[in-house]
Amino acid sequence: MSEQKLQSQTVQTTGHAWDGDLQEYNNPLPVWWVYTFYATVIFAIVYWTIYPSWPFGKGWLGGVADITYVNSDGETKTHSWNTRALLMEKLNAASVEQKPYFDKVASMSYEQIAKDPEMSGFIQSAGKALFSDNCAPCHQAGGQGKIGFFPNLTDDDWLYGGTYAKIHETLMEGRRGYMPTFGEVLAADQIDSLANYVASLSGIPHDAGKASAGNVLFHSETAACFYCHGGDAKGRKDIGAPNLTDNIWLWADVPGSDAAEGKIAAIRNVIAQGLNKGVMPVWAGRLSSEQIKVLTVYVHDLGGGQ
Amino acid sequence: MQSGLEDQLALYQKRIPIFTRSVKGRFRRFKTAVLALAYAIYFLLPWLPWARPDAPSQAVLFDLPGRRFLIFGLTVYPQDVIWLALLLFIAAILLFFVTGLVGRAFCGYFCFQTLWTDFFIWIEHRVQGERPARVRLYRQPWDREKILKVAGTHVLWLLASFWTAITFAAYFSPVPQLVIDFFTGQAAAAAYITVTVLTLSTYAAAGLMREQICTYVCPYGRFQSVMYEAETLAVHYDAKRGEGTQGRAVVRAGRGIALERRKGGARGGDAPERRHIQLSNAERARAERQAQGYGDCVDCGLCVQVCPVGIDIRDGLQYKCISCGLCIDACNTIMDSFGFPRGLIRYDSEKNLASQTPLAPKLHWKRLKIIGYGVALILMTGYLGYSIATRSSFDRAVSQVRQPLYVVLSNGDIRNRYQVRITNKSGTATRYRITVRGVPVQALDLGNFEEIGIKPGHSGLVQASVRLSPNEAARIRQFELTITPVGRPGEARSERVRFDSPGHTS
């Protein structure tokens, strides 16, 4: 079929001829497309009426839809529709829903909360959210901490005590752990002896001769380790001095090396350099007292508490 | 550039209205019975009461906000989604099985599109009259009669659609409260949206689109052809018998008319002798036709007039045919009235029709495909029944705490922690006890919850920690946690969990 014939049969033209025979095809858009386009125009007008749309003067056209919410100061606010107000409304609704539980937390003792299955479930979910928001950046998502930086909350050793009261105190008032730098006070061989002694306390392979020299040094006024760590080296919870006789290591990365030499070197480093980074911030004032109570029970549960 | 335009234009065809003639017969009776049964179940089931202590008293209620499905005495939770999956599999295999045996029986008798279309055609018939009256009405100008009748039909369709929609919503929200709320403007937005969408889609599908849903929209209508085999029974026109050597022919005197029969009028109540005479008349008439080479088809066109999808079955098996059997009824009526044998259009297999000496049609089930589908059906149905009958009264999920995987304690012991979530699926408050197997009893620490009490439909969370000495930890890599409902030791369920220790994590 020739082009000419096909054209005359099937394709419309605009009906106008230029220069005698010059014509223009008329291929209109499909009807469904045109009507869909009209529908989107109508949709847009409806949308502009309901929701914020056009800039107008120094502000904008807010639309007829609005959102009413109660802000954190207890004031009722009405805004034209926007996603922030929507979020505020939802947060508000969520806190209203949580309120009975937090009220219950405030009115119950720690022991009562821990024994109530329903409250226990609430602590697990609300506590996890609070912990993830506030505590996890240091103590890690599961509270496992990080050797050399932040204490592990899931073991059974508590630097400052693991009772509800002590955990609460830690959260409210913060903590500051400190160990002097011995590198400038003691000779390298003295530090090595002390490290061997500390290793011996936890059953890590060590040099017995150095360890006994370290033992003497530990309890002497020269190094004066016993002031803080105690004569039995079991630490003092009132000042957060760790127990050196157990298998738990916070500052010296002892579990990090397999060889005894590496373990002792890790202990040596801590003795030589001391510590001034065991800082737990104060949470009173940043979290509500109910939130701190929830966190107290949650953290207590993590490691089984004391 | 413009080549192929003609083909493109042919892609869309304006719907040719179909005015079906009503017909009486076996298949019509069967279809009506199925319709009545299906409607009775669909429309009345939500109104059936069922006493429950802790849930709405409705026999079948899909309680979405409560995340449970109440089906008579059975409560199904989202965790049981495997049952739904199985049910869908069973439905699919049943479809294949039935289609392999007797063609698109689902399409013709059970599909909701067919049922609702049938009902809507019945309404149309009631309001506008039989086929000739409807054709006349369609062709006449928009006068008072036409406006009243057409508007009346559409109003009734919309009412039927609306009640269909509100009944659907009633499966998700307790009646009669839903109906009251709906009309007083108190029902949930979801109810209004559902009812509106379903009303319009039912009206459009059963009232306006009808057979176009089957031909253009429904995928099943298209993939059914792969399930047909030569032995499959389907609605067929017996072309050999109907066409003869000279084709079909309208009946005229001397070409097969049984004059006495026509005058005789009513059939059925005739005396035996008279029937004998009639039959022999008919046989004689038929022999005359055959002598002239004409087939038995009298080309009355009734089979086309009754067809809800508007096809001519005499053109052979075609994809539009939903196998509703109405043309069989129509043809049998005509054959009876001429005294010809029934079954010019009948359920038969292609293989039988093509053979030299066709036998009486019968079900050919001894085929690998059919037996395979059958076995799969029995196995899956059996497993579903078994699974429901032996369902646990509670659901449990044990997950090991993975942050950290293990904790080294101050005396060197290793501790792993587990979260045990128990969901009480029974109708009564129950206490659950958690025990261990494979580790020493004293290794398990459940904190304050040696036993946990859980309300029906609720779940409880227990933190279990297991503490092993380094020697034990090196040896034990996994153990079992057992959850036992107190007082029902037979329902205890165990869960294998891992125990991780330094150097033994994977």
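Trainee: In this predicted model, is K104(A) buried, partly exposed or exposed?

Mentor: The class follows from the relative accessible area, where buried means under 20% and exposed means over 50%. K104(A) has a relative accessibility of 34%, so K104(A) counts as partly exposed.

Trainee: With which residue do the side chains of K104(A) meet in a salt bridge, and in which helix is that partner?

Mentor: Side chains of opposite charge can pair when their charged atoms come close. For K104(A), the N to O distance in the salt bridge is 3.9 Å, and the partner is E118(A). The pair links distant parts of the chain, 14 residues apart, with K104(A) in helix α3 (residues 83–107) of chain A and E118(A) in helix α5 (residues 117–134) of chain A.

Trainee: Why are K149(B) and E145(B) separated by about one helical turn?

Mentor: The side chains of K149(B) and E145(B) meet in a salt bridge at 3.1 Å, N to O. Both residues lie in helix α7 (residues 144–170) of chain B, and they are separated by about one helical turn because they are four residues apart.

Trainee: Is E480(B), which forms a salt bridge with R496(B), buried or exposed?

Mentor: The salt bridge between E480(B) and R496(B) has an N to O distance of 3.1 Å. It links strand β13 (residues 478–485) of chain B, which holds E480(B), to strand β14 (residues 493–498) of chain B, which holds R496(B). The relative accessible area of E480(B) is 13%, and the limit for buried is under 20%, so E480(B) is buried.

Trainee: Which residues form the salt bridge between chain B and chain A?

Mentor: The interface involves 22 residues of chain B and 26 residues of chain A, with a buried area of about 1,900 Å². The count of salt bridges between the two chains is one. Its closest N and O atoms are 3.7 Å apart, and its partners are R467(B) and D156(A).

Trainee: In which helix of chain B is confidence lowest?

Mentor: The mean pLDDT of chain B is 88, with 92% of its residues at 70 or more. Over residues 258–273 of chain B, however, the pLDDT is below 50. Where pLDDT is low, the predicted coordinates should not be read in detail. The lowest confidence, at a mean of 44, falls in helix α13 (residues 259–264) of chain B.

Conventions. Residues numbered from 1 in each chain as written. Chains lettered and ligands numbered in written order. Predicted model: local features only at pLDDT ≥ 70, side-chain atom pairs only at ≥ 80, totals over all residues. Heavy atoms only, no water. Contact = heavy atoms within 4.5 Å. Buried area = accessible area lost by both parts, 1.4 Å probe. Salt bridge = Lys/Arg side-chain N within 4 Å of Asp/Glu carboxyl O. pLDDT = per-residue confidence, 0-100. Helix = DSSP H or I, 4+ residues; strand = E, 2+ residues; numbered from the N terminus. Buried < 20%, exposed > 50% of the residue type's maximum accessible area, 1.4 Å probe, protein only.
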